[in-house]
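Colleague: I'm new to this one and would like to learn how to read it. Could we go through it together?

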Amino acid sequence: MGRCALPPLLRYPTVDELGGRAAALVARHPRDTRLRRVGTSRAGTPLWLLSVGHGNRQALVVAGPHANEPVGGATVLRLAERALADPRLTEGADATWNLLLCLDPDGARRNEGWLPGPYTLGHYIRNFFRPGFLEQPEWLPDGAAGAALPETRALLELQDELRPFLQCSLHGVDIGGGFVELTHDLPGLDRRQAHVAARLGIPRELGAYDALYWPGLGPAVYRIPPPRRADLVAAMTEAAVESTWYHPYRHGTVTAVVEAPMWGVTAVADGSPATDRDAVLRAVSRTLRHDTGLLRQLLARIRPHLATVPDAARLLAPVDDYLLVCPGLADAWDPDTGDGPAHPLPPLSTAHLVALRISGRRLALRTAGLLHQLVRAADRDPAGVLPELDLLIDQWCAEYRDGCGARWIPVARQAEYQARVVLATFELAGRHARACPGPGEPVPVQQD
C-alpha cells in the first residue's frame, strides 16, 4: 500500500465513513490537507470540506448532490489520494483541491439500507430515497437570493468564497451509461472520456435523457444551456433551470456534471439512426401512462393509512412529484401529442430511444420503491398492496436486466471512471482558465 493510500473501497461509503476516512487522511498528512465544516444540513449533520494542496487556483468537487447517487463519495476520496500522491495536481498546477464530501447527507443516510449491498436492482429500489424536487440542494427554483435549504446556501457561499476555476458535480446514473455536462466547451474532453470509458468497460450514454434538448459538444458530452425559468416537466427535459451549476459562472468557473453509471446498458452507446422511431416513442409513452395509472391507484389505497407513519411527508413528496410529471413527459415524447411543429423532438438515435425507454420506466420504478417503503414503515399492510408492489418491482427490474441487459458495475470501477474524467476535466479547464481574464477582471460572455 502506498504512503497516501487508505484501504480500498469495494462498496459505497456511508456519510460517517466518508468523514472518518477524510479525518484519517488529514491525520496522516497534516501539512497538505485540511478538513473544515462549511455548513450544516437540515438535520444538523456537518457538511465537511476536505482540501488538498496550497495552490492559488481553486478546484471544487461536490459529491452527493443527489441522495441516491453515492459514487461521488468514493470518488472524492480517490481524488484526495491522487492529489496527495502526485504533486503535478497541486504544486505543479498551483492548485488546491476542495472536496465537499456530501452535499445532501440527510438524504444519503436514507439510502444506507442498500449501500452495503447486495447490489441488485430489487434491493436498491426497495431502499431507494431521493427527496422531492424542491428539496434537492443544487436546484435554485427561486434563484440564489431565494435559496431556502441550508445545504444550498452553504454551497453558494463556498462557491463565492473560492471562486473556483473548475467545479465538478459528481452524479450517478442508476441504469444507463456515463456522460458529462458542461457550462463551457472543453475541446478534447469527449476523446479523453471515450478512452477512459473503453479502458474500464463503461458504456457512454450518447443520447442522455437529461440532455435530450441540449446541444452536443462531442459524443456523450453536452452543453448546459444558460438557465431559464421553467415548469417542472420542462425543467426535467428541456431547460437548464437556475442551479448551483451556473451560479459561479460569474467568476469564470467551468462547471462539469460528471455522471457515472451503476448498472451499465450497452445499447445507450448505440449512435446509429433510430429505426421505428415513432412506434418506439408511442410504446414508451403508452407504458409510462399505464404505469402512472397503476401507481396512482396504489397510492390512493395507501394514503388513508399513512397518518401514523413517521416522516411520511418526506417519502410522499417525491412520489407526488413523479406522478405529477409523468403524464407531461409521456405527452412530450409521444409523436401524436408532443412532436409537433411548435415543439419538435430533436433528431433521435437508437441511443436516445433506449435512454427514453429506461427513463420512463425508472420514474415508475422509483415511485413503486418509495410506496413500498411507506407500506413497510406503517408496520402493516392494511390496504393489501405489498404483494402487488413486489410483483411490479420484480417485473420491472427483470425488464431492465433481461430486456435492456443492465449489468452491475463494481463500485471501485465506477469511482475510478469518475475520478479519471474529473482529472481530464481539471487539466482542460486549467488551460481554459489561463485563456480567460484573471480574478477581478470582467468575464466575457462565453462563445465556445
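Modeller: Arg 277 is partly exposed here, with a relative accessible area of 23%. This is a predicted model, where local features need pLDDT of at least 70, side-chain atom pairs count only at pLDDT 80 or more, and totals for chains, interfaces and linings use all residues. Residues are numbered from 1 along each chain as its sequence is written, and side-chain values use heavy atoms, with hydrogens and water left out.

Colleague: Which residue forms a salt bridge with Arg 277?

Modeller: A salt bridge is a side-chain nitrogen of Lys or Arg within 4 Å of a carboxyl oxygen of Asp or Glu. For Arg 277 the partner is Asp 278, with the closest N and O atoms 2.5 Å apart. Asp 278 counts as partly exposed, at 30% relative accessibility.

Colleague: How many salt bridges does a search of the whole structure find?

Modeller: It finds 27. In one of them, the side chains of Arg 361 and Glu 399 meet at 2.4 Å, N to O. Arg 361 is buried, at a relative accessible area of 10%, while Glu 399 is partly exposed at 38%. Another pair is Arg 82 and Glu 416, at 2.5 Å, N to O. Arg 82 counts as partly exposed at 27% relative accessibility, and Glu 416 as buried at 9%.

Colleague: Which residues are linked in a network of salt bridges?

Modeller: Those are Arg 42, Glu 135, Glu 151 and Arg 314.

Key. Buried means under 20% relative accessible area, exposed over 50%, partly exposed in between (1.4 Å probe, protein chains only).
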